[in-house]
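Dear colleague,

I am passing on a structure for your review, together with a summary of what was found in it. Please have the sequence and the coordinates at hand while reading.

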Amino acid sequence: MTATHYHRDTCRLCASHNLEIALHYVPTPPADAYVPIDQAHLLQQVYPLDLYLCHNCGFAQLCDVIRADAIYVDYIYETKSSLGLVDHFQRYANAVIDRIKPPRGSLVVDLGSNDGTLLKAFKNSGMRVIGVDPAQEIALAATKSGIETLPAFFAKDVRRQIREQQGHATVVTANNIFANVDDLDEFTDNIRSLLSPDGVFIFESYYLGDLIENMVFDFIYHEHLSSFSVTPLMGFFNRHGMELIDVERVPTKGGSLRYTVQLIGGPRQVSHSIDEFLVEERRRGLSKLKTFEAFAEKVEAAKQQVVNLLSSLKNEGKSIAGYGASATTTTLIYHFGLGPYLDYLVDEYSRKQNVLSPGLHLSVLSPQALIDRNTDFAVILAWRYVQPIVDKNRTFSDRGGRFIVPLPKLMIM
């Protein structure tokens, strides 16, 4: 245990101590802690990375927590850097307005608002908007772009400030951030206090069921403290005076759910989707340890296939790069043990170029390096974006370069 790390011994949703490791991962540094080249000599500490299952409510979570202020204050990830997310959030805002029908001028608050992409879409539809995000530099840039963003964590004083200055919120969103919060009790109580009586809390998060079904094991990293499913969330929100009224599938992050929550007794009917997910989760055994054991065996088999291939290519003297320098990349490289086989990484996002990867300090370059260095193979570590990556790098392929897709099924393209 260090000043930036602590171990939780209770379930975030029901406070039970009845937890057991469901998936054991290779320890990693903080997944998005890419460092400047002049810090190559610095040793980055690794931390345990295990997914625990609560036998009381069926919730899956990390218990080893990297303190939020060690991750998010100097955060460099921006929404616009992820393929397709800008368009996704535009469709998201349109769908919420069509379904919730907030009056023009209603307040929309986005928690973990990042560069303000989602709020821009709401603002363009006539809503008042305010973002909350602890990443100081990103929050300042968002405010300068016209999306007021408070550079802070969503604590009681921030909730009070918004209430006093802006009034109650008709819509509160927290996309791909609710899973990153350690103290979900306080966070949820603050949301409930901020909502108007007819308001809704809407959040998207990667879905545990899809993580298992689609082999998205690399979405487990220290920022993602919670792997949500519908069943345990039902009881959690009820205990906080709220009710889950709708769940819908969305394709982002390897398979996510969009949850809609209102105050208990709110004006909206509970969707049939809730019961459908409850039945499906029982059928799939998402609260059973054996489900995770079977998944771990599939991940291990995939690892062996990839390592065997890369080892053979290295023995033949082939050069190999990794394509993608995201947080998921760190989990994939560490858990599969890919470090010895990769000469360097490439990434399209300029802020992820000319830096070093977390822990292993692999150089991260522009994709042009694949051409300049006459690289033989590129492992698509960002494997959920295979086709866009291949399409953007035809020159590499035309010159004889080959792509390796590690998951969900090993392929050479």
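In this predicted model, helix H1 and helix H2 (residues 117-124) pack with their axes 8 Å apart, at an angle of about 45 degrees. On the side of H1, the contact is formed by Val86, Phe89, Gln90, Tyr92, Ala93, Val96 and Ile97; H2 contributes Thr117, Leu118, Ala121 and Phe122.

H1, which comprises residues 85-100, also lies across four strands: E10 (169-173), E11 (195-206), E13 and E14. Its direction is at about 145 degrees to that of E11. A further helix, H7 (residues 230-239), packs on the sheet as well and touches E11, E13 and E14. The direction of H7 makes about 150 degrees with that of E13.

The sheet itself may be described next. It is open, has 7 strands in the order E9-E8-E7-E10-E11-E14-E13, and shows mixed pairing. Its edges are formed by strand E9 (149-150) and strand E13 (242-250), each of which pairs on one side only.

Strand E7 (residues 107-111) deserves a separate paragraph. 5 of its 5 residues are buried, so E7 is largely enclosed by the rest of the structure. Both of its faces are covered: Leu107, Val109 and Leu111 are buried on one side, and Val108 and Asp110 on the other. E7 runs parallel to strand E8 (residues 128-132), to which 5 bridges join it. In that pairing, leucine 111 has valine 132 of E8 as its bridge partner.

Finally, I turn to helix H9 (residues 289-315). H9 has 27 residues and reaches 39 Å from its first C-alpha to its last, close to the 39 Å expected at 1.5 Å a residue. Which residues of H9 are buried? They are Leu289, Thr291, Phe292, Phe295, Val299, Ala302, Lys303, Val306, Val307, Leu309, Leu310 and Leu313. Just after this helix, glycine 317 adopts a positive phi of about 85 degrees.

With kind regards

Notes. Residues numbered from 1 in each chain as written. Predicted model: local features only at pLDDT ≥ 70, side-chain atom pairs only at ≥ 80, totals over all residues. Heavy atoms only, no water. Pairing = 2+ DSSP bridges. Helix = DSSP H or I, 4+ residues; strand = E, 2+ residues; numbered from the N terminus. Contact = heavy atoms within 4.5 Å. Axes fitted to C-alpha atoms, helices over the stretch in contact; angles between N-to-C directions. Expected span 1.5 Å × (residues − 1). Buried < 20%, exposed > 50% of the residue type's maximum accessible area, 1.4 Å probe, protein only.
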